[in-house]
Amino acid sequence: MPLRISDLLDRPGLHLAVAYDVPPELLARTVEAATVSDLPAPGKWLQGGELLMTIGLLLPMEPAACRAYVRDVAEGGAACLALGLGQGLPYEAAPEPLVTAAREAGLPLLTVPDEVPFIAVTKAVFDARADEQREVLHRAFATQRRLTAAAATSDGLQPMLEEWTAATGVGATVLDPLGRQLAAGEPAARAPLAQARDLIERVAARGLRGSASSTAGGQQLEVQPLGARRLRGLLLLTGRPDDAARSVVPGLISLLSLELERRHLRDEPERRRRSALLSELLADEDLPADRARDLLASAGLTAERVRGVVVEAAPPGARPGGPPPEAGAAEGAAQETAADLALAMPGGLVRVAAGPASVPGPVIEAVVGEELDIHAVLDRFAPHCPAGIGPAAAPEAVRVSLRQATGLLAVSRSSGRPAEARQSEAARLLLDLGDRRTLHGYADAVLGPLDLADNGAELIATLAAWLETGGAWDATSRRLGVHRHTVRNRLDKAMDLTGRRLDDPDDRFDLWLATRIRRGGAPAPGDGDGPVTAP
C-alpha cells in the first residue's frame, strides 16, 4: 500500500503531530520521499510528493512573506511540510503565521518533536517505501505464477485472461488481427470494443511495431500487439493497471503470444485441407456446378458468386528491382502470408502455388466470396505486394477468374496497388501503364482545338458525357441538364473544330481515349520528358 501522511502520524516512534485541523483528504496524500531544506524558496528543488522538513531557520514571519514561502513549497509539489521543534531551535511551537498560511494553501503542516531527529523520519519514509516495493514485487510474482499455470492448460487463452482480471481488476480481451474477439477475462466482457475500434485499427495497421492507449468514457484503454514474428492478435486492456499489474503486462503479452503461435501451428492441418480443396476445385476444367458448390460449402463458403485473388508475396527485406529472393525465403514468405489471408477470409480457400513465368517465386491463390472487402484484407495482410483480383463468377467458373487475376499481376506491379478486373476498368488499367506526360500530350493533341475555343470546357464536357453514355442523346441531355438540341449543337461545333467525325470508329476512339485521359488528372511535374507526336 502507498505510504500516506496519516500512516506517518500513526507511527508510534515518530510522535508527529498536525499543527492545525488538517482535513482527512489532505492526510490521505501519498508520501514519495523525505527531504530536509532550510532554503527560503525550496520549491524548485522538489520533484513532487516529498515530506519537506525544516527547522525554520530562515522562515519569514511577515504574513505575506510566509504565504509566499508556503505557496512555493506547495507549487513545488510537496505532499506536506514538517517543522522541527525544540530547545535551541528557532521554534518550540508552530508559529501562527506559518499555520495560517498552510491552512489557507491547503498544505498539511506537521510538527516534529525535539527528541525525534529528522533522520528518523527520513528512515521511516524510506523503510515504508521499501516495504511498498516488496509488496508490489510479491503481488507481481504471484500474478505471474497464476498466469504461467493458466498458460499450461490445454486452452490457455481464456484461463490466462480470467486469472489476469481476477488478480488485477483490469479487463482484458484478446482479438484476432481483424479485431474480432477471441476471448475475454470476464463472461460479459466489459471492454468497449466500439469505443476502442480506432485504437485497435491503428495498432493492427502497424503490426508488431507499437502499442497505443487512450481514454474513452472515463476509462483507460490500451492495445498491445501479440505474436512472435508476425501479428497474430491484439490485447485490449480496459482499466488502469497499478504498479504491480503494470510490471506483469510484458509477461502477459509473451504468454498470450505463445498461445496464439501455438494455435497457429495447431491450425496448420485445416489450412492444408483448404489448400487441397482449392486444388481439387481447380483441377477439373469441366467441374459440374453442383460439385463446385459442394466443395466451397464444405469450407463454409456459400456465396452465390466468388472471385479469384492472386498475390505475389515478397520475403522480408526484398526490394523492388533488386535481386530475386532465394527459393526458401520466397516460399516461407508466401506460406506466412497465405496463413494470414486464410485467417482474414471467412470460408475462403487459400493455397501457395507456382507462379507464372513472369513471377520469380511462388504466388498465393485464393477464392473468396464476392461480398468480402478484399482490398481491405490485402491492405492489412499483404501491403505493397502485387495482387490481381479477378471478376466475380459462378463457383464452377472460378478458374477463369483466377486466370484473369494472374494476368493482372504485371499491372499491379507497375501501378503499385492491387489491380481488379472490371469490364469498365479495362482502359483504366491500360492507361495506368503509360507514361503520364505522354498520355496527356496525346489528349492535348486531340482536344487542343477545343481548349482554344471560348466555350472549350463546355464542349469537352459535353463530348465526354455523350461518349460515356454510348452516344445516347437523351441520357446526355439529362446528365448535363440541357436540351438535346443544345447537345447536338455543341457536338457539331466540336467536330468542326477538331476535324473529327462521330460516325468514324477511329475518330470516336481517339476522342473517347483523350477525354478518359483528361478525366484521370493532370500529369505530375517532371513526369516523362520524351517528345509527344499528334495522332
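Is His-384 buried or exposed? His-384 counts as exposed, at 82% relative accessibility (buried means under 20% relative accessible area, exposed over 50%, partly exposed in between, with a 1.4 Å probe and protein chains only).

1. A word on the model. This is a predicted model, in which local features need pLDDT of at least 70 and side-chain atom pairs count only at pLDDT 80 or more, while totals for chains, interfaces and linings use all residues. Residues are numbered from 1 along each chain as its sequence is written, and side-chain values use heavy atoms, with hydrogens and water left out.

2. Five strands make up an open sheet with mixed pairing, in the order S1-S5-S4-S3-S2. Its edge strands, each pairing on one side only, are S1 (17-18) and S2 (33-36). Strands here are DSSP runs (E, at least two residues), as helices are (H or I, at least four residues), and both are numbered from the N terminus. Two strands pair if DSSP finds at least two bridges between them.

3. A parallel pair to look at. Four bridges link S3 (residues 50-54) with S4 (residues 80-84) in the parallel sense. Met-53 has Ala-82 of S4 opposite.

4. Another open sheet. The order S12-S13-S11-S14-S15 describes five strands in an open sheet, again with mixed pairing. At its edges are S12 (349-354) and S15 (419-420), each pairing on one side only. S11 (residues 306-311) and S13 (residues 362-369) run antiparallel and are joined by six bridges; Val-306 has Gly-369 in S13 as its bridge partner.

5. A helix across the strands. Helix H9 (residues 268-283) lies across S12 and S13, at about 70° to S12. For such angles, axes are lines fitted to C-alpha atoms, for helices over the stretch in contact, and the values run from 0 to 180 degrees between N-to-C directions. Contact means heavy atoms within 4.5 Å.

6. Two histidines with positive phi. His-15, although not a glycine, has a positive phi of about 60°. You will find His-15 in the loop between helix H1 (5-10) and S1, where His-15 is partly exposed at a relative accessible area of 47%. His-384, also not a glycine, has a positive phi of about 65°. His-384 sits in the loop between helix H12 (374-381) and strand S14 (387-389).

7. A buried arginine. Arg-490 belongs to helix H19 (residues 484-498). Arg-490 counts as buried because its relative accessibility is 16%. Leaving aside residues up to four places away in sequence, Arg-490 touches Glu-458, Leu-459, Thr-462, Leu-480 and Val-482.
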